[in-house]
Amino acid sequence: MKCSHCQLEFKESELFKEVINHKELYFCCTGCARVYALLLDLNLESFYDKLNDSTLAPVTPQDSMSALELEQALEENNKGDFILNLLLEKTHCNACLWLNQKVLERLKGVKKVSVNFTTHHLQIVFDKSLNPKEIVQKIESLGYGAKIYNAKNYALKAQKEQRSYLLTLSVGFFATMNLMFIAIAKYASYGGASYGGASYGSASYGAGMDKLMQRNLDLVSLFLSLLVLVVVGRFFIKGAFYGLKNGVLGMDLSVSFGALSAFVYSIYAMLVSQETYFEASSTILTLVFGSKFLELKARLFANEKCLALESHEIHSVIVVENGKQIEKHPKDVAVGSVVWVPSGAKIALDGVLLNSASVDASLISGEFKPLELGVNDQILGGYVNVGVPFSYQVSANFQNSRLSSLLETLKKSFLEKPLIESSANKIADIFSKAVLFLAFVSFLLWQFGLGGDFEKALMVCISVLVISCPCAFALATPIALVIGVFKNPLIVFKEALFLETLAKVEKIFIDKTGTLTQKEVLLKEKIIYEEFDERLLKSLLKVREHLAHSAILKTLDGDEVNLEQIEFFAHGLKANYQNETLLVGSLKFLNAMGVGIKTKESANIMVGFAKNKTLCTLFILEERLKANAKEVIQALQNQGLELEILSGDNESSVKECAKRLGISKYHAHLTPEDKAQIISSYKGVCAMVGDGNNDALALKQASVSLGFEKSALSKSACDILLLEEDLSLLKKAFDNAQKVYQVVLQNIVLSLIYNAILIPVAMLGYINPLIASLSMSGSSLLVVLNSLRLKRS
């Protein structure tokens with residue numbers, strides 16, 4: 001499909017639609033759209049007729065972003081501050097991201113800066129006194145670029161980065177390989193080799209080669225090395241310059257200093273006919289840049305699930321109004337509107353079906369699951385219509401739809417760094433400064449204390465700088481965390497830091513009703529002691545959502561009535577109707593309210609209804625454990641986790657459930673406040689698993705909380721959402737967290753061992769710059785490959 005202005009071909013998904021003069025047009029960028037509108041206003045629309053088959057360059061504005069784009073991208077939080085989500089460009093390692101974060105944090109008016117190290121997503125929270133344009137200008141002053149963060153911009157950036165990196169790497173390898181051949185020719189000409197001041201042959205440098213030939217080869221080496229320095233080295237030199245400008249010492253400085261030192265010294269050596277090290281300078285830059293390219297590929301590979309979901313953001317739906325089909329953005333569709341869904345279209349908004357439908361839920365679950373739904377069935381955002389067109393009525397606005405909520409959660413999940421990642425970044429920061437100091441000390445020792453050989457001292461200094469790898473520390477956590485968070489599409493982490501907390505959990509507090517037991521209870525018996533108006537009980541039960549209430553409501557007839565003075569209690573409800581006092585709840589609650597009850601509690605759920613303190617009816621309901629509850633509980637216990645049931649149900653019911661599952665500790669008759677108190681009194685790292693309906697207080701008190709997403713309160717109260725009513729997801733969440741945490745610790749230990757061994761060896765002069773650059777690249781790749789094991793496990 002072509003852009004309506006520049007006439008260049010694009011995929012339909014890369015274009016956005018604008019309606020101008022009742023005509024649907026497609027543009028590749030806002031610049032093209034603005035120029036088209038301008039030509040239209042000036043009555044110059046005939047310009048496009050004159051183009052014929054010619055194409056234009058897309059309109060790229062002088063500034064990275066217009067004020068209008070920035071204004072449209074701004075969000076406001078509940079504190080009245082602005083939130084701006086940007087995509088950083090022209091970055092090549094984590095140090096670049098860290099630099100932007102630190103500099104923006106110093107900007108007046110900025111309250112918080114968060115960075116996703118895998119997607120380069122930068123979120124800035126700032127007060128309204130700061131112009132967002134100043135934020136973009138500050139980023140550009142550092143030598144980087146920024147765009148509004150969305151899936152399309154990220155995909156375009158990734159493609160551009162890969163092309164640029166691949167071209168740069170090709171130039172670097174071409175020049176470096178030729179430099180190595182030249183070096184081999186020099187050393188072979190005299191039957192020996194020397195490197196870093198250490199002689200491995202009997203002849204002196206250049207003894208077997210004609211002086212003119214040697215000079216010519218040196219000039220070719222100079223040209224090739226300069227090519228690598230300009231094409232490849234610019235990434236590191238630019239990063240080092242802006243880092244020093246802002247007081248940041250990082251890997252870029254180490255690599256740049258090492259490569260430039262070898263290059264400058266080689267020019268001097270060439271002029272005085274001594275051994276040159278042009279190949280060392282180029283090899284350092286090319287190999288380290290090669291590791292950066294592989295890191296880029298690994299980052300994109302690890303982040304593919306997030307990109308896949310974000311690419312499914314839906315920008316238009318068809319709304320039926322007065323018999324006409326009108327295209328609207330999902331944000332503009334009101335609750336109660338009727339949406340028509342053609343075959344193959346994605347559902348953006350949650351709703352209730354007006355006719356039968358066949359849909360695919362694989363976007364959410366990760367597996368192709370065709371579902372056959374009927375009239376009045378719920379349909380969720382993220383489903384895809386795989387059958388005939390159908391209509392449904394919208395039940396929630398776009399912000400509260402399932403797809404929108406999941407996308408928003410995923411975008412924010414990596415903006416808060418886990419403690420272990422923050423620690424690794426701090427180690428990398430301290431480490432960079434320490435390496436510079438050790439390299440300087442090495443130079444002084446070899447220059448003034450170990451022979452006074454300047455050439456040898458310089459090579460040792462360069463080797464120490466190059467072999468150190470702070471990026472291995474910085475890479476220790478992000479890739480592993482991304483893979484872990486998106487490992488199972490049915491487990492959604494609101495923030496990546498919750499994955500680390502989950503791995504450290506020692507004790508699990510778990511709710512019984514709806515969590516360990518099935519969502520539906522069976523009505524075993526209904527005992528009527530006194531005739532009553534079923535409409536009163538129906539109206540009172542509908543006030544609060546509860547599993548027992550749902551089962552009882554199925555047996556009641558009549559319309560609802562308007563109740564007065566409704567009061568909520570931990571285990572029951574109270575209301576008035578025409579001067580009569582109505583009570584419904586557990587036997588314990590009814591007893592406490594003065595209702596005389598002689599029936600004893602049993603392992604079943606017992607709900608009574610009383611009018612004016614006289615018991616009218618008693619419902620006996622049976623709970624059933626979830627099919628895999630016992631296996632999941634035993635598996636968690638085998639991992640060394642302690643479990644404890646917290647329930648508001650009666651003692652007999654909770655005791656029976658605990659006995660069947662093999663859980664020794666349990667509490668019954670708990671109010672929400674009681675649950676919260678028990679959890680807050682626990683001193684270790686704990687998790688709370690609940691259905692969210694009356695566990696909100698307890699969920700917030702736990703170190704980390706898990707709940708099933710179908711519960712409305714779980715969406716806001718829980719840190720980790722389980723998207724299906726399958727208890728095995730609980731075990732998978734713990735298994736995944738522990739595996740990721742182990743890999744992160746392994747990465748940090750590998751980085752520490754690598755540097756602890758090789759830096760002293762380099763300081764002693766046993767490693768030359770070529771081997772140092774190979775080792776540095778290898779350490780980064782080792783960490784990346786260790787993280788990618790999670791993808792296959």
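Of the 793 residues of the protein chain, 53% are buried, meaning under 20% relative accessible area with a 1.4 Å probe, protein chains only. The model is predicted, so local features require pLDDT of at least 70 and side-chain atom pairs pLDDT 80 or more, while totals for chains, interfaces and linings use all residues. Residues are numbered from 1 along each chain as its sequence is written, and side-chain values use heavy atoms, without hydrogens and water.

The chain holds 28 helices and 31 strands. These are DSSP runs, with helices (H or I) of at least four residues and strands (E) of at least two, numbered from the N terminus. The accessible surface (Shrake-Rupley, 1.4 Å probe) comes to about 35,400 Å², of which carbon and sulfur atoms hold 56%.

An open sheet of seven strands runs in the order β19-β31-β30-β29-β20-β27-β28, with mixed pairing. Strands pair if DSSP finds at least two bridges between them. Strands β19 (491-493) and β28 (665-667) form the edges; each has a single partner, so one side of each lacks a neighbour in the sheet. Neighbouring strands are turned by 20° against each other on average, direction ignored.

Strands β20 (residues 507-511) and β27 (residues 642-646) run parallel and are joined by five bridges. F509 lies opposite E644 in β27. Helix α23 (residues 651-661) packs on the sheet and touches β27 and β28, a contact being heavy atoms within 4.5 Å. The direction of α23 makes about 155° with that of β28. Axes are lines fitted to C-alpha atoms, for helices over the stretch in contact, and angles run from 0 to 180 degrees between N-to-C directions.

Methods:
Buried means under 20% relative accessible area, exposed over 50%, partly exposed in between (1.4 Å probe, protein chains only).
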